[in-house]
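Take a moment to look over the model shown below before reading on. The paragraphs that follow go through the chains one after the other, and the contact between them is taken up along the way.

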Amino acid sequence: MAITIGVLCCHYTNQAGEEDFQGIPGTVIVRRYPCSGHIEVADILRTFEEGAEAVLVAGCEAESCHNLSGSQRAEKKVQGARKILEEIGLEPERVRFAFLPRLDTGPFMQEVKKTFEIALTMKSKS
Amino acid sequence: MIVAERKPIRRVLEAIEPYQRVLVLGCRGCVAICSAGGDREVETMAAALRLARKRAGRPLETGEATLIRQCDPEYLAPLREWADKYEAVVSMACGVGVNLIADLFPEIRVYPGVDTTFYGANTALGEWQEKCRGCGDCILDLTGGLCPIARCAKNLLNGPCGGSQGGRCEIRPEVPCVWHQIYERLSARGELDRLMNFFPAKDWRPAGHGGPRDRIREDLKMDK
């Protein structure tokens, strides 16, 4: 059962490389942005279109966002995406937001793994 | 500006159910400013429609474009070329845009992507409030610039009503009673005499109750 997840993240939330994602038994679509505030609802939906079963949006902890409110805006975009998923009959929990410490790959990968687990659950239900 | 709100995706999906190629058409006028039908919202609507149709096993092809305005024939001209490429158009403009497309291009099947709600102001980030109802007979000169037609739940011309309590509306207590505000405003200016005369019963014909309204400025018209 091939599983794909999407990770849309602020560039400053992690330094994960290819080797970090090798532990994930599926495909990980990774998109890095200069700030999570740049991530739009449409970007999230397009990642689902590409085949992701679940999507993680990751931004910096609120007090460390270098654009001040970028990650807080991103969290709201995730809420907007959840509403649309619900409207079209998909589980809103397929998309989630995580506030993460800057440039700390450990917590980032934990969130990636959690997202993969959600994807696995969703795939097995469908 | 004219304020609008995205239609539930399900409603749009129902409207375009028979089609496989749809143009999602935004407007950079009022609906872009109130974040309902500009470039971003076009992208979101198109992606949501494609995703829903893909999951339903009936993939949808979408085109995405945003015009400067949809309420002017000259800006709608590109539709003539695009019409052949798509089976239907989802207009993210206000109802004016949808109507004008329907008037000018009878061959195009056009469906609304937003619900047009009111004439309003952007009072805070992400917040719009109704300020005018386009009633066609403005009395703001007599009411301190505050409109009792748009901002009173009962459209009272001689308010406040008996339900106004502590300066709040009885219908929605979070909304200030506009007649209370009008009184306070004129009182502070020493202009309460403006309220000494009763407003007579309003003629609602200029508000549209006499059928669709139009406006003609002869000096701007050109003989064809």
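Followed along its sequence, chain A shows the pattern β-α-β-α-β-α-β-α, where helices (H or I, at least four residues) and strands (E, at least two) are DSSP runs numbered from the N terminus. Along the principal axes, the C-alpha atoms of chain A fill a box of roughly 40 × 35 × 20 Å.

Some words on reading the model are needed here. The model is predicted, so that local features need pLDDT of at least 70 and side-chain atom pairs count only at pLDDT 80 or more, while totals for chains, interfaces and linings use all residues. Residues are numbered from 1 along each chain as its sequence is written, and chains are lettered from A and ligands numbered from 1 in the order in which they are written.

Within chain A, consider the helices α2(A) and α3(A), whose axes come within 9 Å and cross at roughly 50 degrees; such axes are lines fitted to C-alpha atoms, for helices over the stretch in contact, and angles run from 0 to 180 degrees between N-to-C directions. This angle is why α2(A) counts as oblique to α3(A), given that angles under 35 degrees count as roughly parallel, over 145 as roughly antiparallel, 65 to 115 as roughly perpendicular and the rest as oblique. The contact between the two helices involves V41(A), I44(A) and L45(A) from α2(A), and K77(A), G80(A), A81(A) and I84(A) from α3(A), where two residues are in contact if their C-beta atoms, placed from the backbone, lie within 7 Å. These residues divide into 5 nonpolar, 1 polar and 1 charged, with Ala, Val, Leu, Ile, Met, Phe, Trp, Tyr, Cys and Pro counted as nonpolar, Asp, Glu, Lys and Arg as charged, and the others, Gly among them, as polar.

The contact between the chains takes 10 residues from chain A and 12 residues from chain B. On the side of chain A that touches chain B, the elements giving two or more residues are α2 (41-49) and α3 (70-87) of chain A, and α2(A) gives the most, with 6 residues. Sorted by class, this side of chain A has 6 nonpolar, no polar and 4 charged residues.

Chain B contains 8 helices and 7 strands. Its radius of gyration is 22 Å, well over the 17 Å that the globule rule gives for 224 residues, so chain B is more spread out than a compact globule. The box filled by the C-alpha atoms of chain B, taken along the principal axes, is roughly 65 × 50 × 25 Å.

One sheet of chain B is open, has 4 strands in the order β3-β2-β4-β5, and is paired in parallel; two strands pair if DSSP finds at least two bridges between them. At its edges stand β3 (61-67) and β5 (110-112) of chain B, each with a single partner strand, so one side of each is left without a neighbour in the sheet. Neighbouring strands of this sheet are turned by 25 degrees against each other on average, direction ignored. Strand β4 (residues 88-91) of chain B pairs with β5(B) in the parallel sense over 3 bridges, and V89(B) stands opposite V110(B) in β5(B). Helix α3 (residues 39-55) of chain B lies across β2 (21-27), β3 and β4 of chain B and runs at about 170 degrees to β3(B), whereas helix α6 (residues 95-104) of chain B lies across β2, β4 and β5 of chain B and runs at about 170 degrees to β5(B).

Another open sheet of chain B has 3 strands in the order β1-β6-β7, with antiparallel pairing. The edge strands, β1 (2-6) and β7 (127-132) of chain B, each pair on one side only, and neighbouring strands of this sheet are turned by 70 degrees against each other on average, direction ignored. Between β1(B) and β6(B), which run antiparallel, there are 5 bridges, and E5(B) stands opposite D115(B) in β6(B). Strand β6 (residues 114-124) of chain B also pairs with β7(B), in the antiparallel sense and over 5 bridges, with Q129(B) in β7(B) as the bridge partner of A121(B).

Terms used:
Rg over C-alpha atoms; globule rule 2.2 N^0.38 Å.
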